[in-house]
Amino acid sequence: MQSWLQSCFCEGKMYSNFSNDSNLSVDDPQRQHELTHRSVKVSIIVVLGLMITVGNIAVLLVISSSVAGWSRNSRYLLLSLTAADSAFGLLVMPLNLWVSLLKDYTEGPDALCHIVAFCNATVYSTCMYTLATISLERYIAVFYPLQYSSLMTRKRALLLIAFAWCFPPFLLSPISIPDGIIEVHFSTSSLVCNPSYSTNTGYSLSLTCLIFFPCSIIMTYANLRVWCAAKRQRLKLRKYDCARSRRHNVASRVLIPVMAAYYTCWTPCMAAMIYNAVSGSSVPEWIEFVVVWLPTSNGFLNCIFYFWINRSFRRKFRLVLQRFALSLCPKLADSFGCYVSSKAHFVSGVNHNNNSVHERSSSVSSTCTLLSLA
């Protein structure tokens, strides 16, 4: 009888301790603080993903067909950029959110986290290579207009696009191999599967030297040369035509925001990666979250600087919306005169597209009239 009472007492004590531990885990302020931060981070990622997806879908609807003043090569490169930016909202964000919901934080690295980290690094690298390719194509169009048709042929443009999409998976393939040379972990701070740069310092620095620095050098040199040429041309126009001096500086309005957005979005991420690799310690929680997800916002800013600032793109977008309204309700659109307006835009677009203009001239105009001559 005494032994039975002792056993009941022990079981009751264990149940009491278990209940206290459970209440502690539920009412723990630190745990609630972590859950609150996590919900805020997920909300930010979802909103950013929706903005990127909607913006790039609108761009795809327009540039899937020809746009007045844009050459075929420019359209191919911009389609590649739009596809890379769309991958942020359609691939990178859903995968990482899915892992953050399914993965137990106490578990170690697994094959799924390796695949997600490989997709993240591939999309980021493809976007940077595509931006560098666009800068190179516009540099050739502005400084070598007479040789553009021979220097930037359709085959070479497609080869540059293929390189931007195929080289990153080849370069980053070690990340996708479980139990390989690259360790991958899920970060609760940024909700992203990241390679452990602190344990792979040499590989991390080599990736930075092969991806970020070459693309940044190409973009900076090409856009700086084009901006200087546009500035010299603008000063010449001021001498001969006073009215020209009141025109907006198109080169500054396009090139400066493009480069500012690129370095603002990508430099903190690369700096944090180098810091982790060299020092072996991670940055604070919210700083890590911001620098990891900041490059994805460049996918939305590209829609503004490369497309919406262009008058030909806006005109074609209005035409697409009018055609969509006509398909839904022809009588309503016709009563408001949309049919006449869309027909006029359609005729003007056909006339622009059927002009026998050289590829080089069309490419020069696709740079948003950087020389301020239009």
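**View 1. Tyr-139, Phe-143, Tyr-144 and Tyr-221 come together as one aromatic cluster.** Here, rings of Phe, Tyr and Trp (its six-membered ring) pair if their centres lie within 6.5 Å; planes under 30 degrees apart count as stacked, over 60 as edge-to-face and the rest as tilted. Searching the whole structure with this rule turns up 12 aromatic pairs. Before you go on, please note that this is a predicted model, in which local features need pLDDT of at least 70 and side-chain atom pairs count only at pLDDT 80 or more, while totals for chains, interfaces and linings use all residues. Residues are numbered from 1 along each chain as its sequence is written, and side-chain values use heavy atoms, with hydrogens and water left out.

**View 2. Tyr-129 and Phe-163 form an edge-to-face pair.** Their ring centres are 5.6 Å apart and the planes meet at 75°, so the pair gets the edge-to-face label. Tyr-129 belongs to helix α4 and Phe-163 to helix α6 (residues 154–171), so you are looking at a link between distant parts of the chain, 34 residues apart. Helices are DSSP runs (H or I, at least four residues), and they are numbered from the N terminus. Tyr-129 is buried at 8% relative accessibility, whereas Phe-163 is partly exposed at 42%. Buried means under 20% relative accessible area, exposed over 50%, and partly exposed in between (1.4 Å probe, protein chains only).

**View 3. Phe-212 and Phe-213 also pair edge-to-face.** The ring centres of Phe-212 and Phe-213 lie 5.5 Å apart, with the planes at 65°. Phe-212 is buried, at 6% relative accessibility, while Phe-213 is partly exposed, at 38%.

**View 4. Thr-126 sits buried in helix α4.** The helix covers residues 111–143, and Thr-126 has a relative accessible area of 1%. A polar atom of the Thr-126 side chain lies 3.4 Å from the backbone oxygen of Ala-164. Apart from neighbours within four places in sequence, Thr-126 is in contact (heavy atoms within 4.5 Å) with Ala-84, Ala-164, Trp-165 and Pro-168.

**View 5. Lys-41 and Glu-285 are joined by a salt bridge.** A salt bridge is a side-chain nitrogen of Lys or Arg within 4 Å of a carboxyl oxygen of Asp or Glu. How many salt bridges does this rule give? The count is one. In the Lys-41 and Glu-285 pair, the closest N and O atoms are 2.6 Å apart. The bridge links distant parts of the chain, with Lys-41 in helix α2 and Glu-285 in helix α9, 244 residues apart.

**View 6. Val-40, Ile-44, Trp-286 and Val-290 make a nonpolar surface patch of about 300 Å².** Helices α2 (29–63) and α9 (285–308) are the elements giving two or more residues to the patch. Trp-286 is found in helix α9 and is partly exposed, with a relative accessible area of 31%. Patch members have over 30% relative accessible area and no salt bridge; like charges are joined within 9 Å, and nonpolar side chains (Val, Leu, Ile, Met, Phe, Trp, Tyr) within 5 Å. Accessible areas come from the Shrake-Rupley method with a 1.4 Å probe, and for residues only the protein chains shown count as cover.

Terms used: A polar contact is a pair of N or O atoms within 3.5 Å; within protein, one must be able to donate a hydrogen and the other to accept it, and residues adjacent in sequence count only if both atoms are side-chain atoms.
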